[in-house]
Amino acid sequence: MELHGFLSYLIKCNLEEKQYTIFGYKGKQVRDNIHSYDVTRFIAAFIEKPRKGEVYNLGGGKLNTCSILEAFSLAESISGKKMQYSYNEKNRDGDHICYYSNLDKMKNHYPDWGITRNLKQTFEEIMKSWSGKHKPVVL
């Protein structure tokens with residue numbers, strides 16, 4: 001969807017050469033991105049050793065951040081297709097200019113867990129998935 005799941009939708013637009021709309025902040029809003037494999041690894045670690053009353057902000061952390069404009073560049077470099085986009089000056093309601101998760105608490109509580117897929121790998125796997133060339137990962 002246009003307003004949710006920004007990374008997968010952005011990559012799909014790039015591959016299909018469809019227009020992506022940037023909402024506000026001149027496309028410089030920054031988000032962290034996490035691969036679903038790393039999400040499932042954290043859930044498995046938590047199920048194995050649950051900690052009562054703890055709250056975790058699961059994300060890709062500082063090393064897996066990018067702005068929308070940086071995401072365009074990375075998508076273009078992998079697909080070889082120019083990103084088609086328009087700009088709407090109104091930012092999405094409740095949108096932040098910059099957000100990334102601090103992973104220190106999770107790494108402290110679950111030292112065997114960590115990010116295994118970097119931003120480029122995540123982009124490549126999403127592109128393979130959209131193009132039907134992706135093989136599922138078995139845990």
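Which residues of β1 are buried on one side and which on the other? Y20 and I22 lie on one side of β1 and T21 and F23 on the other, and all are buried, where buried means under 20% relative accessible area, exposed over 50% and partly exposed in between, with a 1.4 Å probe and protein chains only. The structure is a predicted model, in which local features need pLDDT of at least 70 and side-chain atom pairs count only at pLDDT 80 or more, whereas totals for chains, interfaces and linings use all residues. Residues are numbered from 1 along each chain as its sequence is written, and side-chain values use heavy atoms, with hydrogens and water left out.

**Overall architecture**

- The protein chain has five helices and five strands, these being DSSP runs numbered from the N terminus (helices H or I of at least four residues, strands E of at least two).
- Read from the N terminus, the order of elements in the protein chain is α-β-β-α-β-α-β-β-α-α, and the C-alpha trace spans about 45 × 35 × 20 Å along its principal axes.
- Of the 139 residues of the protein chain, 36% count as buried; among contacts (heavy atoms within 4.5 Å) between residues at least 6 apart in sequence, 86% join residues at least 24 apart.

**Strand pairing**

- β1 is joined by four bridges to strand β4 (residues 85-88), and the two run parallel; within this pairing, T21 has S86 of β4 as its bridge partner.
- A separate topic is the open sheet of three strands in the order β3-β2-β5, which has mixed pairing, two strands being paired if DSSP finds at least two bridges between them.
- Because β3 (65-67) and β5 (98-99) stand at the edges of this sheet with a single partner strand each, one side of each is left without a neighbour in the sheet.
- Strand β2 (residues 30-32) runs antiparallel to β3 and is joined to β3 by three bridges, with V30 facing S67 of β3 as bridge partner.

- Leaving aside neighbours within four places in sequence, Y20 is in contact with F6, Y9, L10, C13, I68, F72, M83, Q84, Y85 and S86.

**Packing of α1 against α3**

- The axes of α1 and α3 lie 10 Å apart at an angle of about 45°, the axes being lines fitted to C-alpha atoms over the stretch in contact and the angles running from 0 to 180 degrees between N-to-C directions.
- α1 and α3 are therefore oblique to each other, since angles under 35 degrees count as roughly parallel, over 145 as roughly antiparallel, 65 to 115 as roughly perpendicular and the rest as oblique.

- W130 has its place in helix α5 and, at 40% relative accessibility, counts as partly exposed.
- Not counting residues up to four places away in sequence, W130 touches S8, I11, K12 and L15; the C-alpha atoms of W130 and K12 are separated by 6.5 Å, although these residues are 118 apart along the chain.
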